[in-house]
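Please keep the sequence and the structure in view while reading.

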Amino acid sequence: MSRSHFDSGEKVKKKLKIIGFLCNWCSYAGADLAGTSRLQYPADIRIIRVPCSGRMNPLLVLKCLQEGADGVLVSGCHPGDCHYQEGNYYVRRRMLILKNLLEYFGIDKRRFHMSWVSASEGAKWADVVKKVVEDVRDACEEEVKTAG
Amino acid sequence: MVWKIQGVEGENYLESIKNFLNQLLKSKNVDAVLVPKRFPDGNNTAQVLITDPGKLDDIDPLAPVQMVNSAQIVKELTKDPVKEKIASVLRPCEVRATIELIKLKQILDARLYIIGYDCPGVYNVKDYIEKLEKSNGIGKEGFTLSYVNSFLSGKQDTIRESCQLCTHFTGNSADINIAWVGSNSSDVFIEVNSEKGQSLIEGLAGEKIGDLIERNQKINKILDERKKRQENEIDDFLGFMQRCIRCYNCREVCPLCYCKECLLKPEKMGYSSDRYLRRATKKGQIKMPVDTVLYHLTKINHMAFSCVSCGLCEQACPMDIPLGRIYNVFGRKAQALFDYEPGRSLDDELPVATFKEDELKEIEDVKE
Ligand code: FES
């Protein structure tokens, strides 16, 4: 954020804490590529490497949200490309219930996202993060409004 | 296919069921039956494993009380392979739980015969005991029979909430179902649903009969009422959760919670003392015991597909959290996502154990 940014009177955006669970074989490598290609994307995401998106358990996502994360992103290989053949097909089903139940628990759906990013899609990774950050920020701002 | 077995009809439904089980044991089609029975002392029924037909007196599967989900007992009984054939007489929710457990490889079903029956619903244990004590000496059998009559005449508001919401109260996924709703006499009919079921009644004198039209009408009427009840939503989930003291009762009684190593066990949920303090410092305060919402959220996520809505969790909850309704609502929502019905059939695959390559494209909600 540059100096002029401040001066122009724009609101300084609150830093978010978004936890990204990235599978070792695709999305993690994709994020790495984004870095080595010097692509710019918001720094609001903290990355945790998991062996496969199929490793994800709903508890991991819920725990993050409960401990104060603003959002969670789960990202794996494209369907069909999972290093372990099927991990992402299963996790897709499991995360679908989670997403559907979140609202009942007073958690905005926009705080949870999934994406498929391959090792060669550094640019897609940067885009995904931008979109997730935007979405989570919207959800947070709305919450502040309704709570206030 | 519906059968009428000769010589079964007794003075009331209980006796007819007893006579039928008697024939099963005497014909050696099975070696043992598991069935709820009354005892001279104690205000409850308990599952008993009977091998001697002479011990069938006082069986009472229709008593409006359910101490455990008997699928848990079937699991215990079948954990090692045996050569004896066991017939388990189960309420429909127990039938469904048993089928789920077979699919989850927790029950060995090679020698197991599942007998379902039309279930009139149950009271919470507390209510049952209270009502029985106030029933002016009509006795436990008399109480069951008068309850069955009031069920048939359409009264059922004080039964357990999950029973009021239950739309699967006949055992049509069991090997055979003992049908009595809609029977004009005190006779019971045997609905055969599988080959195993057919082998169960082999050699018994009986005849096939056509559809029981009156039965279907009665059942549909009850179904309509209950479907209407199901439309109610959970409005204050978080509020209810505030009451939870994380006693783990609901986990213990749940027939589908089978993991030996539970992710939610107390040692894993708690923190070290300094961590409690750190967490409290972060927010200024924390509610103890911690993580009650997290506990339920995770449990619901794990159970939602297989939950058969037996309501045992609600009965076991010391804080009167309406878990029966909560699980019923969330379970149906999750199951609808994959058009799955727990316990409907052994052939339906568990939604989390299978997938289609070409589905759920919409889950990737952040695309370029
Ligand atoms: S290894 Fe990437 S999703 Fe399974």
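D339(B) counts as exposed because its relative accessibility is 60%, where exposed means over 50% relative accessible area, buried under 20% and partly exposed in between, computed with a 1.4 Å probe on protein chains only. D339(B) lies in the segment after α15 of chain B. Its phi is near 50°, a positive value in a residue other than glycine. K28(B) also has a positive phi, about 65°, although it is not a glycine. K28(B) sits in the loop between α1 (13–26) and β2 (32–38) of chain B and counts as exposed at 60% relative accessibility. A further backbone exception is the cis peptide bond that joins M288(B) and P289(B), with omega about -10°. P289(B) has its place in the loop between α12 and α13 of chain B. Most residues other than glycine have a negative phi, and most peptide bonds are trans.

| Backbone feature | Value |
|---|---|
| K28(B), phi | about 65° |
| D339(B), phi | near 50° |
| M288(B)–P289(B), omega | about -10° |

The model is predicted, so local features need pLDDT of at least 70 and side-chain atom pairs count only at pLDDT 80 or more, while totals for chains, interfaces and linings use all residues. Residues are numbered from 1 along each chain as its sequence is written, chains are lettered from A and ligands numbered from 1 in the order in which they are written, and side-chain values use heavy atoms, with hydrogens and water left out.

Chain B has 15 helices and eight strands; these are DSSP runs numbered from the N terminus, helices being H or I of at least four residues and strands E of at least two. The C-alpha atoms of chain B fill a box of roughly 75 × 55 × 40 Å along the principal axes. Of the 368 residues of chain B, 53% count as buried. Among contacts (heavy atoms within 4.5 Å) in chain B between residues at least 6 apart in sequence, 74% join residues at least 24 apart.

Where does N69(B) lie? N69(B) is in the loop between β3 (45–50) and α2 (71–77) of chain B. This residue counts as buried because its relative accessible area is 0%. Beyond its neighbours within four places in sequence, N69(B) touches C93(B), E94(B), A97(B), P255(B), V308(B), C310(B) and L312(B).

The contact between the chains takes 38 residues from chain B and 34 residues from chain A. Together the two chains bury about 3600 Å², 63% of it on carbon and sulfur atoms; buried area is the accessible area (1.4 Å probe) that two parts lose on being put together, summed over both. N301(B), I363(B) and V366(B) supply 20% of the area that chain B buries against chain A, more than any other three residues.

How many salt bridges are there between chain B and chain A? The count is four, a salt bridge being a side-chain nitrogen of Lys or Arg within 4 Å of a carboxyl oxygen of Asp or Glu. R93(A) forms a salt bridge with E359(B), with the closest N and O atoms 2.9 Å apart. On the side of chain B that touches chain A, α9 (237–241), α12 (273–283), α13 (292–303) and α15 (323–337) each supply at least two residues. The largest share of that side, six residues, comes from α13(B).
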